[in-house]
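User: Got a model here I'd like to go through with you. Can we start with the helix packing and then move on to the strands?

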Amino acid sequence: MRTTRIRTAAELGLLAAVGLVPLGHHLTSLSAMSDPVAIVSGALVPIACSALVVAATVPVARSPLSPTYTLRITGWSALGALTLAAVALLFVAYETSQGPPPEGLLVAIAGAASVGSVFGLAFGLTDARQQRTQDQLERSNAQLTVLNRVLRHNIRNAMTVVSGRVEMLRERADGGDENAAVVEENVDRLLSVSDHARHIGAVIGDDGADEGVEAVVDLVEVVDGVIERLRAEHPDAAFDAPAAEVCRVRAHPLTEVVVSEVIENAVVHNEGDARRVSVSVRRVGGGAALRVVDDGPGIPDETVETIRRGYETSMRHTDGLGLWLVQWVVDRSDADLAFESTGAGQVVRIRFERVEGTEGVPEGDALAEADGDTEGDGDTEGDDPR
C-alpha cells in the first residue's frame, strides 16, 4: 500500500515537473522584459500554460485515472512540450542560417514547450479515458466469459444428476408422476438455458462481434433437418416443409441453431390441440427469406419490443435467451429479423443474403399465394421482409 502511494506521488510529481521547469524559466525571464508584446507572448501566455499543467495534477490525482493512467497523461504532456519545442528550435535554426540570430531564443523555445505541454495534457486526458474504458470492457468481457463457462458447466452437471434422480423417484414413488413431470420440465428448461448460453458465447465471445461471416449455409437442408427432428419429438404437430431444393445463403455457422429455435418455439408455445407450423423459403430480390408461420398465440408484443430495442429493463424483459440468440446470430449474419402477429397466429421472417447455387426456390409472390398469404405480406421481389 505504501509503495502504491509513493509511486502515485512520483507520477504526479513528474506531471507537475512538466509545467514547473518551463514555469521557472518564464518567471526568471519576465524581469528582463520591457516590451509589452514580448511580455504577453513570451511570458504571460507561457506562464498560464505551465501553471495550468501544474494545477492539473490536483484533479488528475482525484480522478479515477489516478494512479493507473497518470504516467500515460504525463508522457503525452511531455511529448507535446518536446514536439513544439523542437518545432521552435527548427524555426530558430532557420532564422539563424539566414542572418544574425534573433533575440530571446530560449524564451521562444521555452514558450513553445509550455504551449505544447497543454495540448499534450488535453490529448493525454482523452487518451487515458479511452484506455480506461477499453480496459474496463476487456475486464468485463473476461469476467463474463468466466461466469458463462462456470454457470453452464455447473448447471449442466447438476441438472444431469437431478434428471437421473427424477427417473429413479418416478419408478419408486407411488403417485409421483405429476411431481416428477414438473421437475423434469424445469430441468429441461435449465438445460436449454445452458445450451443457449453456450451458443451465445460463441456469437459474442473472443472472435469479436464485428468479424465478417464467411460461412455458406444451405437454408433448405437446415430447415429439412430441423423439421425431421421435431417431427420425431412432437408427433402431434403438423409441419409444412419448404417447397425448394437448394438455397445457399451467407450466414453465421450457428444459423441451424436459429432455425431450430424459431421453428421449435412455434411448436412448444402452442397449447392448441392441432398444432401446425408452415415453413417456407423464398427468393426475395437478391436475398432469401425464411418464413415460419404457426397457429399459436404468438410472441407477446412486449417481448418483440424488447428484442428490437436491444436491451432489457426491470419492467420490459424476455423469459429466456432463445430470442436473444436468434437476434444476435441474425445480426452477425447481416440478415434481417421481423415478427408479425396475425389473427391466425405468428409469423417470423429472416432474410439472408443469397449466394450462387440456389435451385428450385419459388419467388416470393408465387409462394405467398401457395401459403394462402396474399393480403399484404410484403415479401414481393425487392421488398424488405421487415
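User: At what angle do α9 and α10 pack?

Analyst: This is a predicted model. In it, helix α9 (residues 301-309) packs against helix α10 (residues 322-332) at about 40 degrees. Their axes are 10 Å apart.

User: Is the crossing of α9 and α10 left-handed or right-handed?

Analyst: Right-handed.

User: Which residues make the contact?

Analyst: From α9, T303, T306 and I307. From α10, L323, W324 and Q327.

User: And what classes are those?

Analyst: Three are nonpolar and three are polar. The contact of α9 with α10 has no charged residues.

User: How many bridges join β5 to β7?

Analyst: Eight, and the two strands run antiparallel. β5 covers residues 287-294. Within that pairing, V293 has V347 of β7 as its bridge partner.

User: What about β6?

Analyst: Strand β6 (residues 336-342) is joined to β7 by seven bridges, also antiparallel. T342 is bridged to G345 in β7.

User: How many residues sit between β6 and β7 in the hairpin?

Analyst: Two.

User: And β3, how many bridges to β7?

Analyst: Two bridges, with β3 (residues 248-250) and β7 antiparallel. There, V249 stands opposite R354 of β7.

Definitions and conventions: Residues are numbered from 1 along each chain as its sequence is written. This is a predicted model: local features need pLDDT of at least 70, side-chain atom pairs count only at pLDDT 80 or more; totals for chains, interfaces and linings use all residues. Side-chain values use heavy atoms; hydrogens and water are left out. Axes are lines fitted to C-alpha atoms, for helices over the stretch in contact, and angles run from 0 to 180 degrees between N-to-C directions. Helices (H or I, at least four residues) and strands (E, at least two) are DSSP runs, numbered from the N terminus. A crossing is left-handed if the near helix is turned anticlockwise from the far one by less than a right angle, and right-handed if clockwise. Contact means heavy atoms within 4.5 Å. Ala, Val, Leu, Ile, Met, Phe, Trp, Tyr, Cys and Pro count as nonpolar, Asp, Glu, Lys and Arg as charged, and the others, Gly among them, as polar. Two strands pair if DSSP finds at least two bridges between them.
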